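Here are some notes for a colleague who is opening this structure for the first time. They are set out as numbered points, to be read with the sequence and the model side by side.

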Amino acid sequence: MIHSPYIRKPASVQSVMLAVLLALLPGVTAYVMQVAAVVVVNLLIATVTALVAEALILTLRKRPIAPALSDLSAVVTAWLVVLCFPPILPWWVTVLGVLIAIVAVKHLYGGLGQNPFNPAMVAYCAMIVAFPSLMSQWPPAGQIDFQTQLDLVLGGARQLDAITGATALDAMRTGLRTSGASVESVLQQSGTFGAVGGRGWEWLALGYLAGGLFMLARRIITWHMPVAFIATLAVVSGIFWLAEPAHFAPPLFHLASGGAMLAAFFIVTDPVSGATTPRGKLIFAAGIAVIAYLIRVFGAFPEGIAFAVLLMNLCVPLIDMKTQPAVFGHRGSRP
Amino acid sequence: MIARLFSFHGGIKPDSHKNESSSLPIAAAPLPPRLTIPLRQSVRSVARCLVAPGQRVLKGERIGAGEGPLGTDVHASTSGTVVGLAPCAMAHASGLNTLAVIIEPDGKDEWIERRAFDHHAVPREAALRYLSTCGIVGMGGAGFPTHIKLGNGRGIETLIINGAECEPWITCDDRLMRERAAEILSGAAILHELIGARRTLVGIEDNKPEAIRAMREAATGFPGLVDIVAIPTRYPAGGEKQLIRVLTGIEIAHGKLGTEFGVQCFNVGTAQAVHRAIHHGEPLVSRVVTLTGNVRHPGNYEVLVGTPVETLLALAAPKPDTDRYLMGGPMMGITIADLSVPIGKTSNCIIAASPALFPPPPPELPCIRCGACARACPADLQPFELYWFSRAKNVGKAQEYHLFDCIECGSCAFVCPSHIPLVDYFRFSKSEIWARERELKTSDQARERFEFRNYRQEREKEEKAAKLAAKAAETRAKLTGSAAPTDAATGDDPKKALIAAALARAKQQAAAIEPRNTDTPHAGVPGASPGIASRREQPDLHDSDATS
């Protein structure tokens with residue numbers, strides 16, 4: 001017998017995931033136009049890999065395949081893996097990353113909704129540890145034509161050092177480590193930088209921001225995580241920058257560089273592996289921002305968000321437990 | 001005056017579907033061929049039957065006498081002949097049966113002699129008793145007796161009349177407010193006086209502008225009595241705690257009643273029924289019911305209590321693809337298992353459901369912890385956490401996360417993108433907890449009985465031993481006394497020593513015995529006696545259960 005409520009909002013996991021994919025489009029468009037059109041090929045490879053992997057493992061687990069494939073969650077994971085990987089990776093690295101995300105992180109923990117870690121971030125961390133050089137090669141904006149990009153992805157032609165450059169974050173960090181360098185001098189020296197972040201890459205940040213605002217408007221995500229992440233990153237980098245402007249990049253640079261905007265709206269906000277209470281979301285996102293900043297500035301990796309996310313994923317049960325909101329009638333408040 | 005409105009967390013905005021029936025005036029439903037009037041018309045109380053088959057009754061005549069403090073009387077809803085007493089299905093999710101009086105109407109609809117009741121001329125208690133003899137219960141939801149809710153006439157600052165009607169489809173209160181606003185306010189004035197309120201507020205959702213206008217117009221006839229307040233349309237604004245929150249800002253604490261916060265809430269229908277009882281001497285024998293959904297002729301009808309749903313449905317002409325019927329709204333209503341179920345005092349709406357109007361929910365998908373449920377929950381719960389614990393049958397944890405604060409309004413299940421029937425999980429967990437508690441209670445009682453038996457046996461043994469020892473000592477004392485009379489002065493001591501030794505032995509034995517079927521090991525069996533004593537003080541638990 002069917003019990004009340006007898007009516008449902010016309011919402012579905014599929015529509016949620018579709019909205020996320022739509023929200024990624026402005027960022028992807030900027031990616032194609034500004035940096036590397038080959039990202040479209042990577043998205044295709046990753047999507048196919050994710051769907052095939054999902055179908056195979058569901059067969060192994062003797063679970064119905066159709067509903068899981070049509071919920072589009074695997075596609076979202078695949079796209080996020082691609083967008084946090086360098087675009088000129090050989091295809092098999094992308095495939096491997098997606099397999100790790102779908103098979104190991106998602107299904108070995110029980111499938112959709114069960115994974116304690118962010119699948120795309122585990123894939124990123126695994127790959128950067130396994131293939132540090134491949135995972136550090138980022139194309140400078142507009143320097144490589146599409147054919148070369150395609151050769152790099154499909155053919156694995158690897159005469160890379162000539163054509164790849166450091167990311168803005170990496171250039172800033174290594175630049176600042178040379179003696180006598182200041183933020184000013186680093187910014188002037190290299191052609192890596194644009195107006196506020198990496199040249200070309202800053203447009204991606206804008207695209208992700210636009211997509212994020214779309215998701216906020218559609219109530220796919222709440223404001224807590226993006227605001228806490230962006231604000232904390234700005235405040236922490238602002239404190240260092242104010243204390244020593246010559247040695248620490250300004251907040252805007254940190255926000256427009258690397259995966260900050262992608263993370264703020266699409267990575268940190270992953271509902272499955274993130275904190276869920278309103279206060280917990282603030283703590284979770286702020287924690288990621290702090291750890292990411294520290295790794296960016298003082299650590300050994302070009303970008304710290306992935307590690308920061310995984311570290312905070314570990315804290316989620318504790319955060320959620322300690323931040324349960326007061327239940328109606330338990331606040332004892334009178335106006 | 002209302003300074004401002006407050007808001008409650010969460011809530012949803014489902015399609016209201018009120019237009020189908022809101023424009024249709026209340027019409028009297030024709031007399032059904034048979035009335036089935038359940039003797040259980042208010043919570044926890046079945047009325048004692050006062051009639052016998054074959055007896056003629058008039059409309060409004062008492063056919064059941066309410067028993068106990070929560071009892072209210074039951075009345076014949078029309079004139080006719082009692083043709084039988086039989087169990088009938090109740091309009092309740094449990095589908096349980098209750099005893100009902102079956103009346104065959106004679107078609108005259110002849111009233112008993114009706115006399116207005118001057119509640120000013122009698123003490124307050126008499127007025128409350130009168131309401132209970134008129135069978136007045138809350139017509140909004142649970143059917144709680146009104147005379148109980150009116151309390152002791154002190155400590156209520158704010159009286160709230162609930163005209164929110166937040167469930168989709170239902171329009172009976174809307175129509176009642178549009179057409180009988182003056183009666184509602186007259187009833188509100190009586191309630192105001194009886195409860196000793198300082199102010200009275202009427203809360204109406206702002207999607208009922210005509211009702212608000214009608215009530216405001218009528219309010220001019222009761223200067224200074226009420227404030228008619230339009231509240232934002234957001235389900236479940238008509239939930240008692242939510243409405244109190246919106247109108248007064250008071251948050252009724254968990255496990256507390258409105259009265260403890262100086263506020264009490266009555267449905268508009270109840271207020272009108274109070275007016276009819278006091279000023280017209282009419283007991284509660286009918287109510288307005290909305291017939292809507294997948295029907296050709298939706299409408300609002302004045303329906304006699306006891307009218308079987310099936311005869312009522314004929315008025316609305318359900319369309320052929322109707323697959324089931326709901327009683328109440330689509331958010332909290334129940335599926336009617338048996339169409340012979342009679343309309344009761346709390347039956348506000350019958351909805352014909354079709355697969356097109358109420359499609360079966362899509363298959364359940366895994367929870368993605370999106371938190372939509374938590375954002376919709378008017379009780380500020382985290383339904384997805386409760387779902388997790390309920391699924392894992394970790395009912396202890398579910399209770400820790402305030403499972404029992406769930407009002408089962410259905411908002412969480414409504415918004416869930418994974419189509420998880422969250423409320424069903426919570427109902428399951430609650431029933432599981434109740435079952436465990438019942439089990440615990442019976443095992444506790446069994447253990448106490450067992451321990452008492454052990455204790456009694458030990459005590460008897462002790463007493464026997466002591467008696468024997470005393471006797472032995474006595475004979476020995478006699479013997480020694482006759483042999484050496486000089487020892488008579490000290491003869492007491494060996495006797496005492498013997499008794500003491502016997503007692504010590506008995507005690508040792510008692511301590512050595514351990515209760516065998518207990519969860520918590522007892523230090524000594526006599527330790528169980530406080531439990532036993534308390535049990536003795538309330539001699540017949542089972543009897544009192546049976547009669548309540």
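1. Two strands are said to pair if DSSP finds at least two bridges between them. In this predicted model, strand 9 (residues 158-162) and strand 10 (residues 199-205) of chain B pair in the parallel sense over five bridges. One residue to look for is B:Ile161, whose bridge partner in strand 10 of chain B is B:Val202.

2. These strands belong to an open sheet of four strands in chain B, which has the order 11-10-9-12 and parallel pairing. Strand 11 (226-231) and strand 12 (263-267) of chain B are the edge strands, each of them pairing on one side only. On average, and with direction ignored, neighbouring strands of this sheet are turned by 25° against each other.

3. Helix 7 (residues 240-248) of chain B lies across strand 9, strand 10, strand 11 and strand 12 of chain B, and runs at about 120° to strand 9 of chain B. Helix 8 (residues 268-280) of chain B lies across strand 9 and strand 12 of chain B, and runs at about 80° to strand 12 of chain B.

4. Chain B is divided into domain 1 (120-281), domain 2 (362-482) and domain 3 (487-513). The centres of domain 1 and domain 2 of chain B, taken over C-alpha atoms, are separated by 37 Å. The contact takes four residues from domain 1 of chain B and six residues from domain 2 of chain B.

5. An unreviewed UniProt entry lists B:Cys367, B:Cys370, B:Cys373 and B:Cys416 under "binding site". Although these residues span 50 residues in sequence, no two of their C-alpha atoms are more than 10.6 Å apart, so they gather at one spot.

6. Two of these cysteines deserve a separate look. B:Cys367 lies in the loop between strand 17 (349-353) and helix 10 (372-376) of chain B, and B:Cys370 is placed in the loop between strand 17 and helix 10 of chain B.

7. B:Cys370 is in contact with A:Pro271, and in chain B with B:Arg375 and B:Pro417.

8. In chain A, UniProt (unreviewed entry) places the feature "modified residue: FMN phosphoryl threonine" at A:Thr167. A:Thr167 lies in the loop between helix 7 (146-155) and helix 8 (168-177) of chain A, and is buried, with a relative accessible area of 18%. Leaving aside neighbours within four places in sequence, A:Thr167 is in contact with A:Trp138 and A:Thr192.

9. The largest nonpolar core has 94 residues, and among those touching the most other members are A:Tyr31, A:Tyr208, A:Leu262 and A:Phe266. Helix 1 (residues 13-34) of chain A gives the most to this core, with eleven residues. Not counting residues up to four places away in sequence, A:Tyr208 touches residues including A:Leu24, A:Tyr31, A:Leu262 and A:Phe266. A second, separate core of 63 residues includes B:Leu150, B:Ile212, B:Ile228 and B:Val288.

Methods
Residues numbered from 1 in each chain as written. Chains lettered and ligands numbered in written order. Predicted model: local features only at pLDDT ≥ 70, side-chain atom pairs only at ≥ 80, totals over all residues. Heavy atoms only, no water. UniProt positions renumbered as here; feature names shortened; annotations may be inferred. Helix = DSSP H or I, 4+ residues; strand = E, 2+ residues; numbered from the N terminus. Contact = heavy atoms within 4.5 Å. Axes fitted to C-alpha atoms, helices over the stretch in contact; angles between N-to-C directions. Buried < 20%, exposed > 50% of the residue type's maximum accessible area, 1.4 Å probe, protein only. Core = buried A, V, L, I, M, F, W, Y, C linked by side-chain atoms within 4.5 Å. Domains from an automatic or database assignment.
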